[in-house]
Amino acid sequence: MLKLKNIITIDKNKEYYLSFPDILKSPKNPNTFFIVYRSGNGHHPTFSSLILKKSTNGGKSWDTIKEIELNIDDHEYVWNCPRLSYIKDILYIICDAKSGTYERQAHFKTVFLVSKNNGKDFTILETPIPGMVPDKIIPFQGKYFCANHK
C-alpha cells in the first residue's frame with residue numbers, strides 16, 4: 001500500500017484554471033523531476049498555456065522553465081491534455097490542441113514538443129495522430145506507442 005508522506009502545492013492561481021498535470025522523474029538524476037500542466041481561462045478555455053516546471057531537489061521546490069501559449073484568437077487552437085516522456089536524452093511533451101470550447105464540435109490535432117536541452121527550448125511538430133487526450137510515448141521493441149481517445 002502506498003502512503004503519502006506529505007503534499008506539496010506546485011502552483012496556485014485563482015485567475016486561471018490549472019489542469020491535467022503529468023509528472024516525470026529524470027532518468028539521469030533521481031532528484032530531478034519535470035511536471036507539465038495546462039493553465040487556461042476555464043475548463044474549456046479560449047486562452048491556454050502549457051507550463052513546464054522542474055525540481056532538482058526531489059520535488060521540494062519547483063521552477064517554471066517554460067510557458068507555451070496557445071489561444072483561439074491568435075492560433076485558432078488551445079492546449080488540452082499534455083503528457084511527458086523522456087526518450088534517448090530527449091524530453092517530449094505530447095499534447096492535443098482543440099479548435100473550440102465545445103469538444104463535440106471542435107477539431108483536434110496532436111503535437112510533439114521536443115526539447116534536447118531539458119525544456120529550455122522546444123521544437124513543435126504536428127503529428128498525424130488523430131483524436132484527443134494522448135498518453136505518454138512508450139518505446140517498445142524499436143517502435144513507439146501512444147494511446148489516445150478517437
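Predicted model: local features only at pLDDT ≥ 70, side-chain atom pairs only at ≥ 80, totals over all residues.
Residues are numbered from 1 along each chain as its sequence is written, and side-chain values use heavy atoms, with hydrogens and water left out.

So, F140 is in strand β9, residues 138-140; strands here are DSSP runs of E, at least two residues, numbered from the N terminus. Together with I138 and F145, F140 forms a nonpolar surface patch of about 310 Å² accessible area.

Now over to β3. Which strands pair with it? On one side there's β2, residues 33-40, antiparallel to β3 and joined by eight bridges. Then there's β4, residues 63-71, also antiparallel and also joined to β3 by eight bridges. For us, two strands pair if DSSP finds at least two bridges between them. If you want landmarks, R38 stands opposite L50 in β3, and L52 has K66 in β4 as its bridge partner. The β2-β3 hairpin has six residues between the strands, and G42 there takes a positive phi near 150 degrees.

How many of the nine residues of β3 are buried? Seven are, so the strand is largely enclosed by the rest of the structure.

Here's the residue I'd like you to look at: K53, in β3, which spans residues 47-55. Is K53 buried or exposed? K53 counts as buried, because its relative accessibility is 8%. Its side chain makes a polar contact with the side chain of T64, at 3.4 Å; that means an N or O pair within 3.5 Å, and within protein one atom must be able to donate a hydrogen and the other to accept it, while residues adjacent in sequence count only if both atoms are side-chain atoms. Setting aside residues up to four places away in sequence, K53 touches, among others, I10, D11, F33, Y37 and W62, where contact is heavy atoms within 4.5 Å.

Last one, another lysine: K150, in the segment after β10 (143-145). K150 is exposed, at 84% relative accessible area. Leaving aside neighbours within four places, K150 is in contact with P130 and G131.

Note on methods:
Helix = DSSP H or I, 4+ residues; strand = E, 2+ residues; numbered from the N terminus. Buried < 20%, exposed > 50% of the residue type's maximum accessible area, 1.4 Å probe, protein only. Patch = residues over 30% accessible without salt bridge, like charges linked within 9 Å, V, L, I, M, F, W, Y side chains within 5 Å. Areas by Shrake-Rupley, 256 points an atom, 1.4 Å probe, with all protein chains shown as cover. Salt bridge = Lys/Arg side-chain N within 4 Å of Asp/Glu carboxyl O.
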